[in-house]
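Good morning, colleagues, and thank you for coming.

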2 protein chains.
Amino acid sequence: MLRASVYVTLRPGILDPQGETIRASLQRLGHAEVEAVRVGKYLELDLRTEDRNAAEQSVTRMCDALLANPVIEDYAIEIMDGESTCSLE
Amino acid sequence: MLRASVYVTLRPGILDPQGETIRASLQRLGHAEVEAVRVGKYLELDLRTEDRNAAEQSVTRMCDALLANPVIEDYAIEIMDGESTCSLE
């Protein structure tokens, strides 16, 4: 079992109104040091395979077909062992 | 200038209908190896400060107040130099 982490971000130059709204809200909450906020998606996929290369190619196809909009979004993929606990905990 | 990366994920046990929909769509696209998908948010914040400890405490307060819903979401914070190019490119 492998786990893929996928980070989907807006391409440079694409307007991010959600990020701008969050920045304004943070400033109203007193966080004047926040200069910019960009919002993206973070996905974790559990994959029934042990082949890292095949997994990476497969997740790349998933990103191009469904997970990201290549016109306005970039993505990055990380493949790790699924047995390890989630890196976010 | 520092950059903070914030990963917001649903807590274990919280239903993720968006992730389940994506998993079903990926299976229809032929990716039968996908066992589970979880969807979270990924935020990048540019901070006008050079103090990493202060930045981390400040971003923790932002997460508790606005960026995450602590009832159903976990978050993780990474602080890095803002001058470096985006780690996702």
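Let us begin with Arg23(A), which is buried, its relative accessible area being 18%. For reference, the term buried applies here to values under 20%. Please keep in mind throughout that this is a predicted model. Arg23(A) belongs to helix H1 of chain A. Apart from its neighbours within four places in sequence, Arg23(A) is in contact with Val34(A), Glu35(A), Ala36(A) and Val37(A).

From this residue I turn to the sheet. In what order do the strands of the open sheet follow one another? The sheet has 6 strands, and the order is E3(A)-E1(A)-E2(A)-E2(B)-E1(B)-E3(B), with antiparallel pairing. At the edges stand strand E3 (73-81) of chain A and strand E3 (73-81) of chain B; each has a single partner strand, so one side of each is left without a neighbour in the sheet. From one strand to the next, the twist averages 20 degrees. Within chain B, strand E1 (residues 2-10) and strand E2 (residues 34-47) run antiparallel and are joined by 7 bridges. Tyr7(B) is placed opposite Tyr42(B) in E2(B).

Helices from both chains pack on this sheet. H1(A) touches strand E2 (34-47) of chain A together with E2 of chain B, and its direction makes about 125 degrees with that of E2(A). H2(B), for its part, lies across E2 of chain A together with E1, E2 and E3 of chain B, and runs at about 150 degrees to E3(B).

The helices also meet one another. Helix H1 (residues 17-28) of chain A packs against helix H2 (residues 52-67) of chain B at an angle of about 110 degrees, and their axes are 11 Å apart. H1(A) is therefore roughly perpendicular to H2(B). On the side of H1(A), the contact is made by Ile22(A), Ser25(A) and Leu26(A); on the side of H2(B), by Met62(B), Leu66(B) and Leu67(B). These residues comprise 5 nonpolar, 1 polar and no charged.

Finally, how are the two chains related?

Technical notes. Residues numbered from 1 in each chain as written. Chains lettered and ligands numbered in written order. Predicted model: local features only at pLDDT ≥ 70, side-chain atom pairs only at ≥ 80, totals over all residues. Heavy atoms only, no water. Axes fitted to C-alpha atoms, helices over the stretch in contact; angles between N-to-C directions. Helix = DSSP H or I, 4+ residues; strand = E, 2+ residues; numbered from the N terminus. Parallel < 35°, antiparallel > 145°, perpendicular 65-115°, else oblique. Contact = heavy atoms within 4.5 Å. Nonpolar A, V, L, I, M, F, W, Y, C, P; charged D, E, K, R; others polar. Buried < 20%, exposed > 50% of the residue type's maximum accessible area, 1.4 Å probe, protein only. Pairing = 2+ DSSP bridges.
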